[in-house]
Amino acid sequence: MRRCEMVRNKKEEFKNTANVAIYPGSFDPITYGHIDIVERALVIFDKVIIAIAENEEKRPLFSVEERLQMVEEIFKDTPNVIVDSFKGLLVNYVAKTNAKVSLRGLRATSDFEYEFHMASMNRSLSTQLDTLFMMTSKDYFFVSSRTIKEVARLGGGVEGLVPDLVVTRLREKFKLPVTKRKQIGWDD
Ligand code: ADP
């Protein structure tokens with residue numbers, strides 16, 4: 001079965017499930033912090049939709065297609081997870097699904113203000129959508145996509161904080177072309 005057909009079938013199946021949560025975010029790239037939230041959410045919800053935001057203003061490192069492909073690969077053996085992308089307002093995307101809860105993770109107090117504003121704004125745009133916050137786990141409270149990219153860009157190891165597939169993709173992204181390395185004498 002082709003990928004789009006499989007996704008369409010899965011979406012239909014999700015529409016007939018009552019207890020669905022949507023986990024929106026940039027996932028640029030997905031980390032074990034995100035994955036931990038999804039796994040814990042699956043204890044509460046029957047199904048989780050991971051919705052990757054197409055927001056070019058954030059100047060993502062990975063294209064939407066690349067992010068979709070990574071997240072799909074990671075959850076390929078988890079039938080209760082569907083991976084999708086959306087443009088524009090979350091409430092408009094949610095209206096097309098039957099999710100009633102938006103799932104967000106909270107790491108530190110610094111996350112709180114932004115998340116509080118977003119949740120309040122979404123609630124003002126649609127009373128159909130409520131936001132549920134899950135506290136980060138002790139192993140991943142310091143993990144964010146932004147710091148993962150920063151560390152990887154500088155050549156630091158991010159193994160154990162993101163899946164191996166993401167480690168590989170980060171290495172590919174940040175590899176400098178050989179000619180450039182030679183030009184500036186790094187291989188001397
Ligand atoms: P956004 O750009 O929408 O904030 P992110 O991909 O950075 O998207 O994050 C999506 C959600 O996951 C946010 O609610 C964020 O707080 C949460 N999150 C990110 N990293 C972690 C982590 N290590 N532990 C728990 N929640 C996290």
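Me: How much space lies in the largest pocket, and how is a volume defined?

Reply: About 1300 Å³ lies there. The volume is the space filled by probe spheres set on the grid points, which are joined across faces, edges and corners. This is a predicted model, where local features need pLDDT of at least 70 and side-chain atom pairs count only at pLDDT 80 or more, while totals for chains, interfaces and linings use all residues. Residues are numbered from 1 along each chain as its sequence is written, and side-chain values use heavy atoms, with hydrogens and water left out.

Me: What makes a set of points a pocket, and a residue part of its lining?

Reply: On a 1 Å grid over the protein atoms alone, a pocket is an open set with protein on both sides within 12 Å along at least five of seven lines, and lining residues have an atom within 4 Å of a point. For the largest pocket, 45 residues pass, with G25, S26, K58, R104 and Y114 the closest to its centre.

Me: Which element gives the most to that lining?

Reply: α5, with nine residues; α5 spans 109–125, and β1 (20–25) is also among the elements giving two or more. Helices (H or I, at least four residues) and strands (E, at least two) are DSSP runs, numbered from the N terminus.

Me: What is known of the second largest pocket?

Reply: Its volume is about 290 Å³. Of its 12 lining residues, M6, V7, K10, E72 and K76 are the closest to its centre. α1 gives the most to this lining, four residues, and β3 (81–86) supplies at least two.

Definitions and conventions. 1 Å grid on protein atoms, 1.4 Å probe; cavity = no way out; pocket = protein on both sides within 12 Å on 5 of 7 lines; lining within 4 Å.
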